[in-house]
Amino acid sequence: MSLDVSPKLLAEAEQGDIREEDFVDTVRTSLPYAYDLIASLAGELKGGTAEFTDNQTPPPSERERGQLLRALASDAIRGSLERHFGVALAFQNCHRVAAFRPESLPGETYARFTSVRSQVLNQSPEFRDC
């Protein structure tokens, strides 16, 4: 299971829509590595002038890698994090996540980062089983 959903939030979801803030808080507590990494990238992006910031450091363990993969593989989680932090996320290999300024999409830098060429160039044998 990727999220530790509280009984209260589950009951609210069963009754109808839930507040996105409550969902993001569930993501924060369930997937702390992924949440903190994206928060850090968003903070770096907002504090600078670069078009994007990215992480190129592998997670410390498979547990953290799993958190990142679960967060970015879910449209609901990824979209909520993008809205919460005011960024657009892009993802390569097992851990290279980037935060872009939403207004830079679709720009040349984003297109280059998300291109099939960049995907191929950012592969290595150690990422095969990640």
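A: The protein chain has seven helices and three strands, where helices (H or I, at least four residues) and strands (E, at least two) are DSSP runs numbered from the N terminus. Along the sequence, these elements follow the pattern α-α-α-β-α-α-β-β-α-α.

A word on the source: this is a predicted model, in which local features need pLDDT of at least 70 and side-chain atom pairs count only at pLDDT 80 or more, while totals for chains, interfaces and linings use all residues. Residues are numbered from 1 along each chain as its sequence is written, and side-chain values use heavy atoms, with hydrogens and water left out.

Now to the residue itself, Asn-55, which sits in the loop between strand 1 (52-54) and helix 4 (62-73). Asn-55 counts as buried because its relative accessibility is 10%; buried means under 20% relative accessible area, exposed over 50%, and partly exposed in between (1.4 Å probe, protein chains only). A polar atom of the Asn-55 side chain lies 3.0 Å from the backbone oxygen of Thr-57. With neighbours within four places in sequence left aside, Asn-55 is in contact (heavy atoms within 4.5 Å) with Tyr-33, Leu-37, Leu-41, His-95, Arg-96 and Val-97.

Let's step back to the chain as a whole. Of its 130 residues, 39% count as buried. Among contacts between residues at least 6 apart in sequence, 62% join residues at least 24 apart.

The largest nonpolar core has 23 residues, and Ile-77 and Leu-81 have the most contacts inside it. Such a core is a set of buried Ala, Val, Leu, Ile, Met, Phe, Trp, Tyr and Cys residues joined through side-chain atoms within 4.5 Å. The elements giving two or more residues to this core are helix 2 (20-30), helix 3 (32-46), helix 4, helix 5 (75-85) and strand 3 (96-100). Helix 3 provides the largest share, eight residues. Ile-77, again leaving aside neighbours within four places in sequence, is in contact with Leu-3, Phe-23, Val-27, Leu-31, Arg-70 and Ala-71. Apart from this core lies another, of five residues, among them Ala-88, Ala-90, Ala-98 and Phe-113.

Charged pairs complete the tour. The count comes to seven salt bridges, each being a side-chain nitrogen of Lys or Arg within 4 Å of a carboxyl oxygen of Asp or Glu. Arg-65 counts as buried, at 10% relative accessibility, whereas Glu-62 is exposed, with a relative accessible area of 51%.

In helix 2, Asp-25 and Arg-28 are likewise three residues apart, so they too are separated by about one helical turn. Their salt bridge has its closest N and O atoms 2.6 Å apart. Asp-25 is partly exposed at 36% relative accessibility, and Arg-28 is partly exposed with a relative accessible area of 36%.

Finally, Asp-22 pairs with Arg-19 in a salt bridge whose closest N and O atoms are 3.1 Å apart, and Asp-22 is partly exposed, with a relative accessible area of 23%. Arg-19, Glu-21 and Asp-22 are linked in a network of salt bridges.

Key: Polar contact = N/O pair within 3.5 Å; in protein donor to acceptor, adjacent residues only side chain to side chain.
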